[in-house]
Amino acid sequence: MSEAHAAVAHQFEGLEQQRDAATLAMWIFLVTEVMFFGGLFTGYAIYRASYPEAFAAGSRLCEVNLGAINTVVLITSSFTMALAVRAAAAGRSRAAIVCLVLTLGLGATFLGIKFLEYAHKYEEHIVPGLNFTYSGPSARQIELFICFYFGMTGLHALHMIIGLVVVTVMVIFTARGRLAPPKDTPIEITGLYWHFVDIVWIFLFPLLYLVDVHR
Amino acid sequence: MSATAARVLPHEDSGTREHYLNVRYGLKSWLLTTDHKRIALLYLMSITAMFFVGGAFAVVMRLNLLTPEGQLVSAESYNKLFTMHGLIMVFFFLIPSIPAVLGNFLVPLMIGARDVALPKINLLSWYIFITGGTLALVSAITGGVDTGCTFYTPFSTTYSNTHVMPMAIGVFITGFSSILTGLNFIVTMHTMRAPGLTWFRMPLFLWSLYATSVIFVLGTPVLAISLLALGAERMFHVGIFDPNLGGDPLLFQHLFWFYSHPAVYVMILPGMGVVSEIIPCFARKRIFGYGFVAFSSVAIAVISFLVWGHHMFVSGQSVYAGLIFSVLSYLVAIPSAIKVFNWTSTLYKGTVTYETPMLYALGFIGLFTIGGLTGLFLAALAVDVHVHDTYFVIAHFHYIMVGGMVMAYLGGIHYWWPKISGRLYPEWWARLSALVVFLGFNLTFFPQFILGYLGMPRRYHAYPEEFQILNVMSTAGASILGVGYLIPLVYLAWSIRYGPPAPSNPWNATGLEWQTPSPPPTENFETTPVVTEEAYAYETRPLSYV
Amino acid sequence: MLSDLPLWPERASTFAVSVDYLFLFILVVCAFFAVLIFTLVLYLAIRYRRRTPEERATQIKNSLPLELVWTGVPICLAGVMFFWGAALFMRRTIVPPDAQDIYVVGKQWMWKLQHPEGPREIDELHVPVGRPFRLVMTSEDVIHDFFVPAFRLKQDVLPNRFTSLWFEATKTGRFHLFCSQYCGTNHARMGGWIYVLEPSDYQHWLSGAMGNESMTDSGAKLFTRLGCEGCHQSHDTERGPTLVGLYGKSVQLAGGETVTGDESYIEESILTPASKVTRGYTPIMPTFLGQIPPDDLFQLIVYIKSLNTPAMARRQP
């Protein structure tokens with residue numbers, strides 16, 4: 001079956017050039033993602049510096065426990081992803097599939113918990129633009145914080161969903177034997193993407209959930 | 001003796017030889033192509049259409065400005081016209097122009113590769129462009145947008161009742177087209193150069209596209225976020241930028257200009273690259289100061305990210321920020337000056353001929369110099385206080401974008417037309433339209449410098465009587481300019497069918513793209529070329545085509 | 001008709017002359033380089049045109065000394081332009097101590113101005129020649145820009161924020177006022193005239209225009225009507241600090257920092273009181289965001305500024 005899909009795409013001189021190009025492409029794509037999230041982080045930083053009290057109050061509305069669980073879930077999924085990449089590079093496709101599926105499961109768990117958090121916010125009537133009815137001093141600024149919360153975690157969740165789709169595709173391709181080495185580059189660059197999404201969460205979690213956790 | 005007949009050399013009969021245009025016919029073979037050359041032509045069709053849409057808006061605007069009362073169209077309509085003229089020209093014509101058309105066509109050819117690194121992503125980027133462009137046109141047709149192409153808040157988020165969302169979404173989507181194009185170019189240039197093609201043997205066109213791609217990749221995502229936030233505020237009335245809701249309108253300006261300033265360098269760097277190819281060819285000389293020209297492209301790209309606040313000197317931003325942005329803005333002018341001096345020096349002791357590409361390139365040097373120099377006025381804080389948001393600024397950026405970039409684009413289209421189409425264009429018609437463009441352009445935009453210093457603000461559908469003479473001059477120029485742009489449309493289309501077949505290297509130019517037939521086969525080269533000489537090694541080339 | 005062709009705007013402020021000199025300097029430098037490049041390009045392209053088909057070019061790769069010269073000289077010239085422009089710009093931020101304030105509100109699509117003595121103007125401003133004035137400006141809706149070409153001055157005006165611009169007119173006459181930040185449908189019609197009068201004519205105009213009460217008096221009425229004196233009295237109370245002597249004084253905030261009690265501070269304290277709470281007080285002041293139109297806000301501020309004078313301070317409860 002593997003002969004039907006040429007190992008090297010027609011524009012490349014050889015496998016190594018293809019691998020170099022694919023990896024560089026993913027790194028550059030991740031740079032654009034850094035700039036993308038960076039814009040949001042900058043806006044957040046500016047408003048947090050302007051309204052420290054309000055943002056602390058907003059942060060207390062976030063469910064730290066669920067966020068912490070999600071952090072552990074996501075870090076673990078990066079671990080299973082790394083194992084999958086390693087297994088694929090070594091040609092152990094069964095192991096690779098297992099690890100990819102584990103990653104899928106953990107990623108889905110993350111999204112499930114996230115959905116739970118969003119649902120709670122809806123029930124508490126603090127979704128900006130939909131049913132935000134928080135009152136009290138600094139209500140406007142707290143609404144702004146919740147906006148950033150939904151914007152940043154929502155964008156992150158969108159990237160997670162895309163990641164899950166890609167990982168699913170990797171599972172299917174591996175099962176069909178299309179990603180045996182030396183054609184395992186797609187899994188390697190999927191891993192890069194997954195780790196990036198994980199790292200974004202590592203920044204999001206303290207910035208959004210842990211602003212005033214000691215009070 | 002006609003110039004066209006003199007240039008036909010013995011060549012392969014492109015009528016029976018297979019090449020990228022005739023290898024397959026039919027709509028599907030074009031819409032599902034992954035051949036970078038066909039994708040370049042898809043872009044060419046799209047951006048040409050957008051150019052004439054944006055140009056039509058400009059014509060109506062200039063006609064309205066013939067009289068001080070400005071009653072040709074209503075105030076609302078005029079405001080929509082200038083907004084959409086700007087948005088369409090910038091996002092749907094100028095930003096893609098050279099990179100997506102000439103870049104897509106030439107980058108693999110110039111490095112000796114068969115295609116770009118990610119051909120399917122390349123096609124995807126065109127579809128993304130079409131999607132964004134369609135949304136923008138839908139917005140225009142269903143009533144238009146009147147926020148100005150800068151979308152300043154809170155007008156755009158709270159006060160404007162025009163179709164801001166579809167337009168903003170259209171621009172947002174099209175941004176991804178630029179990002180993917182830039183990503184593709186960077187990866188291709190890093191990993192797929194032919195053996196022997198070191199960085200410093202690369203044609204300068206590639207250096208300028210590399211610098212442009214860096215800006216695409218780093219800057220465009222920030223525009224995406226700005227538009228996302230703008231959309232969120234408009235739709236959900238959350239207070240990010242509206243002060244009545246606790247937001248900061250200046251934050252929008254910072255976020256918007258953080259991308260939009262580097263974007264203007266996207267709209268000149270590729271043009272500079274084209275000029276760096278044309279001048280050595282038609283002076284038959286290596287370019288003067290290759291290293292300096294190459295590094296100046298990179299320097300422009302880097303410094304361009306540090307000057308965005310010069311659009312905001314009177315916005316209410318801190319005066320100290322103004323000082324920093326002013327000094328950096330002067331700094332960013334220096335690499336451009338270096339290029340101009342190097343291009344001029346290349347002519348010294350050359351042996352110059354005046355084919356159409358050369359006319360456009362020489363025109364570029366003159367007009368870009370004026371446009372760039374007028375930037376020095378704007379960078380001076382105290383002078384900018386007076387001329388900010390007046391016609392002085394409009395004249396400045398049109399000199400660079402139109403007198404510079406569009407002329408370079410046309411020069412490049414003509415220079416590589418034989419390679420792209422396999423045909424020669426009619427030289428005398430082409431020279432005539434270059435002249436018409438040059439004259440029409442100056443008549444249109446030079447009076448606007450004076451109007452600006454006199455104090456005529458921009459985005460005005462009506463103006464005090466004393467400004468009328470200069471406005472009439474400008475409109476007269478615009479009609480001439482319009483004619484100058486229509487003529488090439490006609491003869492280039494004509495040449496596709498009736499132009500004399502072109503040899504592989506009608507200009508006897510250096511560069512790998514000329515080592516393959518015109519038009520090239522789908523795979524570009526039969527065997528991967530090996531590069532052994534420096535760029536622009538014109539001393540080794542035959543003197544002139546017969 | 002050519003004599004009608006305007007080429008240079010009138011100069012009517014102390015700032016205008018300086019700006020024009022800087023502009024001329026840059027113009028001369030730019031004209032020099034533009035002419036230089038145009039001439040060089042034309043000359044070289046013609047002098048070195050190909051005369052015979054066998055003609056060869058002389059290959060010259062580069063010249064480091066030349067590159068350094070044409071990098072260094074532009075840097076020096078740019079440096080001069082920067083410093084000159086910056087110095088002039090900074091001078092513009094130093095308001096003369098005797099500048100009189102005039103309060104400006106921009107809204108779609110008109111300018112409303114009020115002199116402290118009381119007269120209100122719409123799309124017009126009457127000032128005497130030879131005296132400095134500071135415009136304290138805000139917007140009622142979107143961003144506008146107050147632009148007087150003859151003064152060579154402009155400044156964006158923003159909603160819920162104050163910006164300012166000072167000038168001293170040097171010539172009597174009538175000068176255009178434009179809005180120069182796009183603000184919607186009638187942006188092009190949002191303008192008017194600045195009338196610079198001889199001092200005696202200005203007094204004449206002022207006395208004729210008086211009919212409104214002074215801003216201080218209107219402000220005092222607002223102060224009472226809005227209930228401010230419930231907490232802000234002639235001395236500090238447990239509810240709120242006194243506003244006597246506030247204007248221009250350093251204020252210690254709850255967070256530890258110190259700010260100056262200027263117009264912006266007063267405005268912020270009225271519209272978003274929780275953002276800058278005075279040290280020693282709790283944030284109990286209600287917000288008046290959206291409840292006080294900018295014109296009234298200016299009157300309140302003028303009143304509060306007047307509390308610096310003992311006569312006005314005595315009238316506090």
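Which side chains meet in a salt bridge at 2.7 Å, N to O, with Asp20(C) as one partner? The partner of Asp20(C) is Arg152(C). Asp20(C) sits in helix H1 of chain C and Arg152(C) in the loop between S6 and strand S7 (153-157), so the pair ties together parts 132 residues apart in sequence. A salt bridge here is a side-chain nitrogen of Lys or Arg within 4 Å of a carboxyl oxygen of Asp or Glu. Both Asp20(C) and Arg152(C) are buried (under 20% relative accessible area; exposed is over 50%, partly exposed in between, with a 1.4 Å probe and protein chains only).

This is a predicted model, in which local features need pLDDT of at least 70, side-chain atom pairs count only at pLDDT 80 or more, and totals for chains, interfaces and linings use all residues. Side-chain values use heavy atoms, without hydrogens and water; residues are numbered from 1 along each chain as its sequence is written, and chains are lettered from A and ligands numbered from 1 in the order in which they are written.

**Confidence**
- The model has ipTM 0.92 and pTM 0.93.
- Chain C has a mean pLDDT of 91 (the predictor's confidence in each residue, from 0 to 100).

**Other salt bridges**
- Over all chains, the count is 23 salt bridges.
- Lys171(C) pairs with Glu10(C) in a salt bridge, with the closest N and O atoms 2.8 Å apart; these residues are 161 residues apart.
- Lys171(C) is partly exposed at 33% relative accessible area, and Glu10(C) is partly exposed at 39%.
- Lys221(C) and Glu213(C) form a salt bridge at 2.7 Å, N to O.
- A network of salt bridges links Asp101(C), Arg134(C), Glu263(C) and Lys305(C).

Conventions
Helix = DSSP H or I, 4+ residues; strand = E, 2+ residues; numbered from the N terminus.
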